[in-house]
Amino acid sequence: TGTQLALNPRGDAAFTWTRTDALTGHDVIEGRVLTDDDVLKKTVKLSAGTTEVGASEVDISNAGAAVFAWTQKSATLGKSQLLGRSLSATGTLGRTQTLSGTANDVFEGHVGVSGTGDALFVWQDKDATTGKPVVQSRALTAAGALRPAVRVAALESEPFGLQLEVAGNGKAAALWLNGGLKRIEASFGP
């Protein structure tokens, strides 16, 4: 279930989905890449398969490196966190990165990748002090350096339909519906 696909300009495609593991009964996040010359690379298991996971997303760089994002309930904290993981063009799976904080459940996680492989993640969270909704972002460089989380927007009411697009040159746009003000809002960067 929960399939998603991304395509780069040369025609490489990256796929992700959720599957129930027959041995554990837990859902796992998996992914796979189809290259522009029709080579279907092996399926990789992205999540541990030991706790509840949410829908996954994927994007792919011009060179064929994919980056995945999904929510996963922390076994120790009991909160849903946004996680990310990269898959190089040669099939090397990067380590799982915890992107969001630990105080609140996070929702609507998205990933976008620039042409050079730098990734940007966004998600809906809550301010630790006020409890009001916020949109957060975090960058992961193609070299694997995880940047600090950045607040994109502080809101009075829950955002709906959070979306993210990252252009080949690294410019990004996040969009959401501010239900309290009944208007569509956006943030552009970096």
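Residues count from 1 along each chain as its sequence is written, and side-chain values use heavy atoms, with hydrogens and water left out. Since this is a predicted model, local features need pLDDT of at least 70 and side-chain atom pairs count only at pLDDT 80 or more, while totals for chains, interfaces and linings use all residues.

Q: In the open sheet of 4 strands, what is the strand order?
A: Strands here are DSSP runs (E, at least two residues), numbered from the N terminus. Two of them pair if DSSP finds at least two bridges between them. The edge strands, pairing on one side only, are S1 (4-7) and S4 (44-45). With antiparallel pairing, the order is S1-S2-S3-S4.

Q: How many bridges join strand S2 to strand S3?
A: S2 covers residues 13-20 and S3 covers residues 27-34.

Q: Which residue forms a salt bridge with Arg19?
A: A salt bridge is a side-chain nitrogen of Lys or Arg within 4 Å of a carboxyl oxygen of Asp or Glu. For Arg19, the closest N and O atoms of the pair are 2.8 Å apart. The pair links distant parts of the chain, 11 residues apart, with Arg19 in strand S2 and its partner in strand S3. That partner is Glu30.

Q: Is Glu30 buried or exposed?
A: Buried means under 20% relative accessible area, exposed over 50%, and partly exposed in between (1.4 Å probe, protein chains only). Arg19 is partly exposed at 32%. Glu30 has a relative accessible area of 8%, so this residue is buried.

Q: Which side chain makes a polar contact with the side chain of Glu30?
A: A polar contact is a pair of N or O atoms within 3.5 Å; within protein, one must be able to donate a hydrogen and the other to accept it, and residues adjacent in sequence count only if both atoms are side-chain atoms. The polar contact, at 2.8 Å, is with Trp17.

Q: Why is strand S6 described as largely enclosed by the rest of the structure?
A: S6 spans residues 66-73, and burial is what counts here. It is largely enclosed because the buried residues number 7 of the 8.

Q: Which residue in the turn between S5 and S6 has a positive phi?
A: S5 (residues 53-60) runs antiparallel to S6, with 6 bridges joining them. Val53, for instance, has Gln72 as its bridge partner in S6. The two strands form a hairpin with 5 residues between them, and the residue with a positive phi of about 100° is Gly64.

Q: How many residues lie between S6 and S7 in their hairpin?
A: S6 also pairs with S7 (residues 80-87), in the antiparallel sense over 8 bridges. Thr71 has Leu82 as its bridge partner in S7. Gly78 in the turn has a positive phi of about 75°, and the number of residues between the strands is 6.

Q: How far apart in space are Ile60 and Asp127, C-alpha to C-alpha?
A: Ile60 sits in strand S5 and is buried, with a relative accessible area of 4%. Not counting residues up to four places away in sequence, Ile60 touches several residues, among them Ala6, Val33 and Val113. Ile60 and Asp127 are 67 residues apart in sequence, and their distance in space is 31 Å.

Q: Which residue meets Asp127 in a salt bridge?
A: The N to O distance in this salt bridge is 2.7 Å. Asp127 lies in the loop between S10 and strand S11 (133-140) and its partner in strand S12 (residues 150-154), so the pair ties together parts that are 24 residues apart in sequence. Asp127 is buried at 14%. The partner is Arg151.

Q: Which side chain is joined to that of Gln124 by a polar contact of 2.2 Å?
A: Gln124 is found in strand S10 (residues 119-126). With a relative accessible area of 5%, Gln124 is buried. The side chain in question belongs to Glu158.

Notes:
Contact means heavy atoms within 4.5 Å.
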